[in-house]
Protein chains: 2
Amino acid sequence: MKTVYSPDHAAHAGHWEVARGAMVPCFEKPIRAEYVRARVEEVGLGEIVLPKVWSMETARKVHDPAYLAFLGKAWDMWAAEGNHTSALPMTWPVRGLRNDVPPECIEGLLGFYSMDAGASITAGTWKAVKASMDCALTAAEIVAGGARAAFALCRPPGHHSGPAFMGGYCFINNASVAAQWFRDQGAARVAILDVDYHHGNGTQDIFYERGDVFVANIHGDPKTEYPYFLGHADETGRGAGEGCNVNYPLPFGTAWDTWSLALDAACDRAEAFGAEVIVVSLGVDTFERDPISAFKLKTADYPKMGARIAKLGKPTLFVFEGGYAVDEIGVNAVGVLTGFEGR
Amino acid sequence: MKTVYSPDHAAHAGHWEVARGAMVPCFEKPIRAEYVRARVEEVGLGEIVLPKVWSMETARKVHDPAYLAFLGKAWDMWAAEGNHTSALPMTWPVRGLRNDVPPECIEGLLGFYSMDAGASITAGTWKAVKASMDCALTAAEIVAGGARAAFALCRPPGHHSGPAFMGGYCFINNASVAAQWFRDQGAARVAILDVDYHHGNGTQDIFYERGDVFVANIHGDPKTEYPYFLGHADETGRGAGEGCNVNYPLPFGTAWDTWSLALDAACDRAEAFGAEVIVVSLGVDTFERDPISAFKLKTADYPKMGARIAKLGKPTLFVFEGGYAVDEIGVNAVGVLTGFEGR
Ligand SMILES: [Zn+2]
Ligand SMILES: [Zn+2]
C-alpha cells in the first residue's frame, strides 16, 4: 500500500510537557515518524508520496472553526509576548467556569482550547499540523480512488483532539477529518477503529451524537490511565448516535490474548454497523516496552492485528497516532500494515 | 483588632507552578505570611492568637466532601508512586469529558479536582490548608463574639477554590467557609467583598445560586487575566441567587481613582442587600509593583480601602488572600486593617 508522508512534520518539536509534577522533554518527537518511514522503505511496503495541499473545509465540519483559527495564530500571539519556548496552557475551563466567552489573550486562549498541558505549540506546529491533516486526506483519497488500503503517516497525531480542544499531543483530529471526508464523498457509513493504547476521547466526542460514523476504542481503562475522563464502557453514543460508540477499557498488563478478543468484538460491531469504509487510528503504544503505556503486546502481535482488520474486507485507511518506544515503533506500525496485506 | 495566625502555614511550600510554558518557583510562598505577621506586630494591630482546631462540618457545606477527602489523601497517594516533588495535575475534565466518574489514580484525581497547574500539593499541604481554614473560622468566632473586626491571616489562600476543585494556589475556600459559618450562627445575610486582584471564581461559584450570601468582586478583566473563564460583568447569580452576585472587571493599569468607584458601588450593593456581616477576601496583589498583576494601587491607597469598608458599620472579617510583592505585602495588607480602624 501507499504511504503518505510529509517532511513538514518535523517543524513541530515541542520542548516540554508536564508529567509527574515536572516539565519533561516531549515524548511525541519528530524521530518517531522517521523510524516509521524508514521501516516502510525497509520492507518495501509501497510508494511513499507527498500529501496534496487541502483546504480546511472538511476540518471545519468536525472542529469549531474558531478553534482552528486559534491553532493557526497561537504561536504568533505567544511569541508576540516575548516567549521563545513552547506555548503551554496553565488554566482550564472546568465545571463551574464558562465555556462561552473566549478570552482575548494567548494565555487564556491556550487553556480555553485545550484539555491538558501535553500539546505544546512551537513556531512550526501549525505547519506540521496542517501537513498531518493533508496526509490523512491524501491517503483517504487514495482509498476512495480504489486502493484496498493506504497509510497516512500523520504526525502530530490526532485522536485526543476534540471539537474545540487540543491535548495529548493532538491538534487536528486527522482520523475524524478523514472519516468526514469519506462521508462527504458518498460513503453512507464509516467506522473508526482506534487501537491506540489511549482512549481516543476526541474522536468519540466528535461523533458521539451521530449515527453515520461508528467509533470503537480499545484502550487502557480511564479509571487509571490518561485521558482519565472518558472511555468508560457505558459510553454508547447519544441521540442519533446511540449505539454507535463502543469502548473496551482494559487493565494494565493486557496482552494479545485478551486484547485480540476486544478487537474481534470491535470488528464484529463495525461489520454489523454496515461500515463501507474503515478508518484505523493506528497507535502502537500498546507495545510491551512503550515508555508511557502499560499493555503487553509483542512485535509478533501487530501483523495479527492487521490481518484481523483485513478480514473485514473493506477499503481501509490507516492513520498514524501514538507509540513512543522509538526503536520498535517502525517495526510494529508497519507490522500491522504488512499483516493487513497478508505478507 | 485580633489577628489569627498559625505557623502551620509554612508546612505548605510548593516547588513549582506552570507559567509561560515553563515550571517556575511558586509565587505563593511561606515568606508572604511572615511579612504580614511581622507588620501586624510592628504597628501593634492587636493580639495575635492561634486558631482553634475545627471540624470539617462547615467546609462540607460549601465543598464536595469527596473533594475534601481527596485533599487529605492526595500527597500520600502521590508519594506512594515514588514522587518526591510537588504533585501537579496534567489533564483536566473540560467540556466533552466526564465529571461524574472520579478516576482511581492520583494523576487522574489531581486533574479531576483542579482547574489549573497552579495549586501544587506537598507533604505539608493538608496541614497548612486545614490550619488556614481554622484561622478563618477562629477569626469569624471572634467577630461573632462581638468584636468589630478580626483578621484571619490565612495561607494558603482560598478564593479560587470552587465546590470541588483547587486552583490558583487555593484549596479550601476560607472566606466561603467563614461566610457559611456566620449563616449557621444566625446571620440572615452575609456579604463577601473580594478585593484581590484576581476574580474569586471559587467564591462566586459556591454561592451563585444562593440568595443568602452576596458576593462582589473587583478584579482584572478575565478577558485578559487569570482565571480567564469567570468574572464577567454579566454574571449576576442564578435561581435564588439572581441579583446576589456582582462583578467589576477592570482593565490593566487601573489605579485608585477608578478602583475606588468599584469599591463604592460594591459597598452600596452590600448595604442594599442587607448584609449583617461582611467578609472581606483581602488580597493585596492590586499593588502597583505586584509581580504577577497589573493594577496600580499605591501603598497609601490601602488604608482608604479599609476606611471605606468600615463605613458599612458592620461586623467585619478580613480573610487574607493573594499578594506577591513580598516586601510591601505586609505594609499594604495591614494598611487596610489600620485604615479600617481609623488610625
Ligand atoms: Zn496513545
Ligand atoms: Zn490574586
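Show chain A and chain B together: the area buried between them is about 4,600 Å² (accessible area, 1.4 Å probe, lost on being put together and summed over both), and carbon and sulfur atoms give 61% of it. This is a predicted model, where local features need pLDDT of at least 70 and side-chain atom pairs pLDDT 80 or more, while totals for chains, interfaces and linings use all residues. Residues are numbered from 1 along each chain as written, chains are lettered from A in the order written, and side-chain values use heavy atoms, without hydrogens and water.

Next, select the contacts. Here 51 residues of chain A meet 51 residues of chain B, contact being heavy atoms within 4.5 Å. Four salt bridges link the chains (a side-chain nitrogen of Lys or Arg within 4 Å of a carboxyl oxygen of Asp or Glu). Zoom in on one of them: B:Asp234 pairs with A:Arg98, the closest N and O atoms being 2.7 Å apart.

Now go to A:Asp116. It sits in the loop between α4 (106–112) and α5 (125–144) of chain A; helices are DSSP runs of H or I, at least four residues, numbered from the N terminus. A:Asp116 is buried (under 20% relative accessible area, 1.4 Å probe, protein chains only). It has no salt bridge, and the nearest side chain of opposite charge, B:Arg95, is 12 Å away.

What does the side chain of A:Asp116 reach? The backbone nitrogen of A:Gly118 at 2.9 Å, and that of A:Gly168 at 2.8 Å.

Finally, display its contacts beyond four places in sequence: among them are A:Trp92, A:Tyr226, B:Met90 and B:Trp92.

Note on methods
Helices (H or I, at least four residues) and strands (E, at least two) are DSSP runs, numbered from the N terminus. Buried means under 20% relative accessible area, exposed over 50%, partly exposed in between (1.4 Å probe, protein chains only). Lys and Arg count as positive and Asp and Glu as negative; His and the chain ends are not counted. A polar contact is a pair of N or O atoms within 3.5 Å; within protein, one must be able to donate a hydrogen and the other to accept it, and residues adjacent in sequence count only if both atoms are side-chain atoms. Buried area is the accessible area (1.4 Å probe) that two parts lose on being put together, summed over both.
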